[in-house]
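Please examine the structure shown below.

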Amino acid sequence: RLYLRNTATMTTFRLVATISDNTSTTAQTDVADSSLVTLGPDTEENDRVPSTVRFLAWHNSRMFAADGQYLYYSKVGFPEAFDPDFFERVSPDDGQSITGIRVSHDVLLIFKSNSTYALYGDDPQSWVVRPVSKTVGCTSHRSIVSVEDKTYWWSEQGPVVWDGASPPRLFGKEQLAATIDSSAINTARLNQICAAVDFPRDQVQFWVPGVSQTRNTIGLP
């Protein structure tokens, strides 16, 4: 491939011709600047995933990766090829950190400490990030599980379920009120709660730290 940049009018290189036989050593082309639309590669577009990343999710043929601040995305079909300039900031002024990501109902859920967002669309030029809930977030990415068209996770207010259509529903007070308040679990360690789907018993099980405990000691089916 031959890339060209008109130094008087362009700041980036553009694809101008392709040598298809893979052996020719010369090429001639005559193309107007306005016809050059395919950007050439830069020196960073195939970088590794940023070292600060904590969460990964494969969605619409891209690898999405998130740290506490940014949502990065790979090139289409290349899950290990990241450009540090390709990222989304999710409601950056709310003062909350990203706590997890998960694909559910054909969207990418982006969890923050006290809110939840979803990325709709499959192209960076047109996709949008919309709030799913501005009051319900996620305390631990290990608590996020999906089963039977529903996604479950643990929030500051207790366990949550989302069906993709209605707002996230806090069901802890209905089912587990006596076992999820501050007298029963260590609320300072909500970030270590984990969950799993128990298929034989048709249950979602959350594992939480009991009062004064530093590890998860209580199972809540």
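## Strand 4 and its neighbours

Strand 4 and strand 5 (residues 70–75) run antiparallel and are joined by three bridges; two strands are taken to pair if DSSP finds at least two bridges between them. Strands themselves are DSSP runs (E, at least two residues), numbered from the N terminus. A66 stands opposite L71 in strand 5, and a hairpin of three residues connects strand 4 to strand 5. This is a predicted model, in which local features need pLDDT of at least 70 and side-chain atom pairs count only at pLDDT 80 or more, while totals for chains, interfaces and linings use all residues. Residues are numbered from 1 along each chain as its sequence is written, and side-chain values use heavy atoms, with hydrogens and water left out.

Strand 3 (residues 55–59) also runs antiparallel to strand 4, with five bridges between them. In this pairing W58 stands opposite M63. The hairpin formed by strand 3 and strand 4 has two residues between the strands, and N60 in the turn has a positive phi of about 50°.

Five of the five residues of strand 4 (residues 62–66) are buried, so the strand is largely enclosed by the rest of the structure. Buried means under 20% relative accessible area, exposed over 50%, and partly exposed in between (1.4 Å probe, protein chains only). In a regular strand the side chains alternate between the two faces of the sheet. Here both faces are covered, with R62, F64 and A66 on one side of strand 4 and M63 and A65 on the other.

Six bridges link strand 8 to strand 7 (residues 98–104) in an antiparallel arrangement, where G100 stands opposite F111. Two residues separate these strands in a hairpin, and H105 in the turn has a positive phi of about 55°. Strand 9 (residues 116–120) runs antiparallel to strand 8, with four bridges; L119 in strand 9 is the bridge partner of L108. A hairpin of three residues joins strand 8 to strand 9.

Strand 11 pairs with strand 12 (residues 150–155) over three bridges.
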